[in-house]
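Hi everyone, thanks for coming. Let me put the structure up on the screen, and then we can walk through how its pieces pack together.

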Amino acid sequence: MKVTAVIAAAGQGRRMGGGINKIFIPLFDCPILVHSVRMFSHCPAVDSLVIVSAAGEAAQVEELLRNLTDVKPWQVVEGGSERQYSIARALTAIETETDIIVIHDGARPLVEAPAIEQVIATARQYRAAGIAVPVKDTIKSVNEAGFITETPERKALWAMQTPQAFEAGLLRQAYLEADRRQYLGTDDAGLVERLGIPVKIVAGSYRNIKITTPEDLIIAQALMKQGEKQDMLRMGMGYDVHCLVEGRKLILGGVDIPYRKGLEGHSDADVLLHAVQDALLGAAALGDIGCHFPDSDPRYKGVSSLLLLERVKLIIKNHGYRAHNIDATIVAEKPKLAGYIETMNRNIAVALDIGIQQVNVKATTTEGLGFAGRGEGIAAYAVATLLPQK
């Protein structure tokens, strides 16, 4: 299913002050908007992006994005006077082939990849989904005179965030109906609710704050700095195994190895690189390759695992980490692999943008024992260490 992310960045951010749209304000090494764009671009579930700029700022946003080398296909659309009008304009720019539309406020730069993937998956199942967190404070209803009129039950109250994701046709219908009735809502879920369609809540994170005031920027900087854990070396391990079958190429470490059998799998079944990818993701506490590149997704059928390794590099980079060291072992009775090890080391180093001296692939047999010894399959183990981005 094709997924398009809409990044809403058309607000003026008057409460921030400073005479500049808040999305252009630097947050550590880059503007707030770039953090949001990169997070969605690095998400395997997202295919393309539409960024909604404020009137007169499209060229500035385009120049900002053109300087990025790690962003999926994107386009910029000028927004309207209200958020709802801005998103409506974005919808007209989205291809009709799109199945799921996920909408996110560009001023929420601390959104995390698992939340994006989960809200998209939930929208596929329930048609409409949104990230939210339970309300911590007691909420009061107050009249115009300033007196409390009601105290809603707190356990039933959730604070909505973004991203919110919807079936494309359903979201378009909600916007058409809102326009017809001249109704102005505060979020996309509210428009869908008015159609009588329930919106499924996905539990979010209190870290996913919206930067609205100067105080919010200070909090975001503190949260981002805490998340980087600059003094921490992280380590993860990975393991993978695939069957050997007739009629398949044998790809290990990105090397096409002549042999009468190959490894069975949805992708190229490169068992070595799959173990390395799992080790990297594990070190960053970002799940496994099944979460990011599911074998149910036709986009990954027959895909090169070197390409997936480059994607993993971007995923961990987006979370503030870089690969430091890879140590891996291939377990195979046949064929002999010694002559291919150096090329495997080089392929991994290039994909991860590290030195070849930081990669060490080994190969061993089981002396005829087990499935590997019987020639039924090949396994691989990997250990990876990560350091914070420089």
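Please keep in mind that this is a predicted model. Let's start with a pair of helices. Helix α10, residues 305–318, packs against α11 at an angle of about 40°, and their axes are 8 Å apart. That angle makes α10 oblique to α11. If you care about handedness, the crossing of α10 and α11 is right-handed.

Who does the touching? From α10 we have Leu306, Leu309, Glu310 and Lys313, and they meet Asn347, Ile348, Ala351 and Leu352 in α11. Sorted by class, the contact of α10 with α11 has five nonpolar, one polar and two charged residues.

Now stay with α10 and look at another partner, α8. Here the packing angle is about 5°, with the axes of α8 and α10 10 Å apart. The two helices, α8 and α10, are therefore roughly parallel to each other. On the α8 side you can find Leu273, His274, Val276, Gln277, Leu280 and Leu281; on the α10 side they meet Ser305, Leu306, Leu308, Leu309, Val312, Ile315 and Ile316. What classes do the residues of the contact of α8 with α10 divide into? There are 10 nonpolar, three polar and no charged residues.

Strand β16, residues 321–331, is joined to β17 by six bridges, and the two run parallel. As a landmark, find threonine 329, which stands opposite lysine 362 in β17.

One more thing here: the rings. Searching the whole structure turns up two aromatic pairs. One of them is formed by tyrosine 239 and tyrosine 381; this pair is tilted, at 4.8 Å centre to centre with 45° between the planes. Tyrosine 239 is in strand β12 and tyrosine 381 is in strand β18, so the pair ties together parts that are 142 residues apart in sequence.

Now for the other sheet I want to show you. Seven strands form an open sheet in the order β5-β4-β1-β6-β10-β7-β11, and its pairing is mixed. Which strands stand at the edges? They are β5, residues 74–78, and β11, residues 200–203; each has a single partner strand, so one side of each has no neighbour in the sheet. On average, neighbouring strands of this sheet are turned by 25° against each other, direction ignored.

Let's step through some of its pairings. Strand β1, residues 3–9, and strand β6, residues 100–105, run parallel and are joined by six bridges. Isoleucine 7 stands opposite histidine 104 in β6. From β6 we go on to β10: four bridges join them, and they run antiparallel. There, isoleucine 101 has phenylalanine 166 of β10 as its bridge partner. Then β7 and β10 pair over six bridges, in the antiparallel sense, with valine 133 opposite alanine 159 in β10.

This sheet has helices on it as well. Helix α3 lies across β1, β4, β5, β6 and β10, running at about 135° to β5. Helix α5 packs on the sheet too, touching β6, β7 and β10, and its direction makes about 115° with that of β10.

Finally, α3 and α5 meet each other. The axes of α3, residues 83–93, and α5, residues 168–180, come within 11 Å and cross at roughly 130°. That makes α3 oblique to α5, and the crossing is left-handed. Gln84, Ile87, Ala88 and Leu91 of α3 make the contact with Leu171, Arg172, Tyr175 and Ala178 of α5. By class, that is six nonpolar, one polar and one charged residues.

Terms used. Residues numbered from 1 in each chain as written. Predicted model: local features only at pLDDT ≥ 70, side-chain atom pairs only at ≥ 80, totals over all residues. Heavy atoms only, no water. Axes fitted to C-alpha atoms, helices over the stretch in contact; angles between N-to-C directions. Parallel < 35°, antiparallel > 145°, perpendicular 65-115°, else oblique. Left-handed = near helix turned anticlockwise from the far one by under 90°. Contact = heavy atoms within 4.5 Å. Nonpolar A, V, L, I, M, F, W, Y, C, P; charged D, E, K, R; others polar. Pairing = 2+ DSSP bridges. Phe/Tyr/Trp six-rings, centres within 6.5 Å; stacked < 30°, edge-to-face > 60°.
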